[in-house]
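Q: Could you walk me through this one? I'd like the overall layout, then the aromatic side chains.

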Amino acid sequence: MLFLHPCTMRQGAGLAPEVTVIGVKVKSAKKVMTGPEAWERHWSNSFSVMPLPDMYSQGKGTHVAEFMKMATVSSSALVRDNRISTLSPEGRLHLLQRAFHHFSRTIVPLRDIRPSMRPVEREIELQTDWVEACCEQQDSESDEVIAEAERAFNDFVSADGRREQLRDGISEFEVSRAVKKEIEMRYGGRD
C-alpha cells in the first residue's frame, strides 16, 4: 500500500521515483469489519495498523496495513493496472492520524489534520475530473492516456500560481472554475 502524504509521494504529475509502501495482510477473509461497533471493538486502540475493510469492493473481507512493515520501492515497479483501490478522503485522514500515532504515540484529532488536507483533496478531485474527462474523450484508460492527462493537469495547475491559490483557501473556487472551464474546452465536458 502506498503510504505517506499525497504531496510527499508525488513529483509533479506522477509518483516520485521512490515511494514508501507498507505491507498489507488479511485480517478476516469474510467479515467486513467496519461501522461504529467494529471500529470501537477492533480499531479504536489498534494504531499499529490501518484497517482496510472490503478492500476489493466485493462486500467481504478486511485487510490491515501494518506500519511495522514499511519499505521504499521504485515507483516504476508499481504498475497502474495492479492498483486495487484508493482510500477515501476520510480514509486518508485516518491513515495520517494512525501514522502520527505510530511514530509519536500522540493522537492528533482528525479536526486538526483536516484543514491541512483540504487543498490536497481539492487538487486530487480536480485531477480526477480532468483525467476522467480525457479518458472519456479518448475512449481509453491506457497508461499513456492517463499519464498524458496527468501531465496536462499538472502543467495547467502549476501555471499562474494556481496550485498556490488552491492552498491559500481564498482563491480555491476561482481555480476550480478555471480547471472545469479548461476541462470543458479540452475534452468537451462531462455529462
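**Layout and aromatic contacts**

A: From the N terminus on, the elements of the protein run α-β-β-β-α-β-β-α-α-α-α-α, and this is a predicted model.

Q: How many helices and strands is that?

A: The secondary structure comes to seven helices and five strands.

Q: And what is the radius of gyration against that of a compact globule?

A: The protein has a radius of gyration of 18 Å, which agrees with the value near 16 Å that a compact globule of 191 residues would have. Along its principal axes the C-alpha trace spans about 50 × 35 × 35 Å, and 40% of the 191 residues count as buried.

Q: What share of the contacts comes from residues 24 or more positions apart?

A: Among contacts with a separation of 6 or more, such residues account for 61%.

Q: On to the rings, then: how many aromatic pairs are there?

A: The count comes to four aromatic pairs. One of them is formed by Phe3 and Phe67, a tilted pair at 5.6 Å centre to centre with 55° between the planes. This pair links distant parts of the chain, since Phe3 is in the segment before helix H1 (6-9) and Phe67 in strand E5 (residues 62-74), 64 residues apart.

Q: Are those two buried or exposed?

A: Phe3 is buried, with a relative accessible area of 3%, and Phe67 is buried as well, at 2%.

Q: Which residues form a cluster with them?

A: Trp130, Phe153, Phe156 and Tyr187 form one aromatic cluster.

Q: What lies over the face of Phe47?

A: That is Arg98, at 4.8 Å from the ring centre of Phe47.

Q: Changing topic, where is His63 found, and what is it in contact with?

A: His63 is found in strand E5 and is buried, with a relative accessible area of 12%. Leaving aside neighbours within four places in sequence, the residues in contact with His63 include Val24, Lys25, Met50, Pro51 and Tyr56.

Note on methods. Residues are numbered from 1 along each chain as its sequence is written. This is a predicted model: local features need pLDDT of at least 70, side-chain atom pairs count only at pLDDT 80 or more; totals for chains, interfaces and linings use all residues. Side-chain values use heavy atoms; hydrogens and water are left out. Rings of Phe, Tyr and Trp (its six-membered ring) pair if their centres lie within 6.5 Å; planes under 30 degrees apart count as stacked, over 60 as edge-to-face and the rest as tilted. Helices (H or I, at least four residues) and strands (E, at least two) are DSSP runs, numbered from the N terminus. Buried means under 20% relative accessible area, exposed over 50%, partly exposed in between (1.4 Å probe, protein chains only). A charge sits over a ring if NZ of Lys or CZ of Arg is within 6 Å of the ring centre and within 35 degrees of the ring normal. Contact means heavy atoms within 4.5 Å. The radius of gyration is taken over C-alpha atoms; the globule rule is 2.2 Å times the number of residues to the power 0.38.
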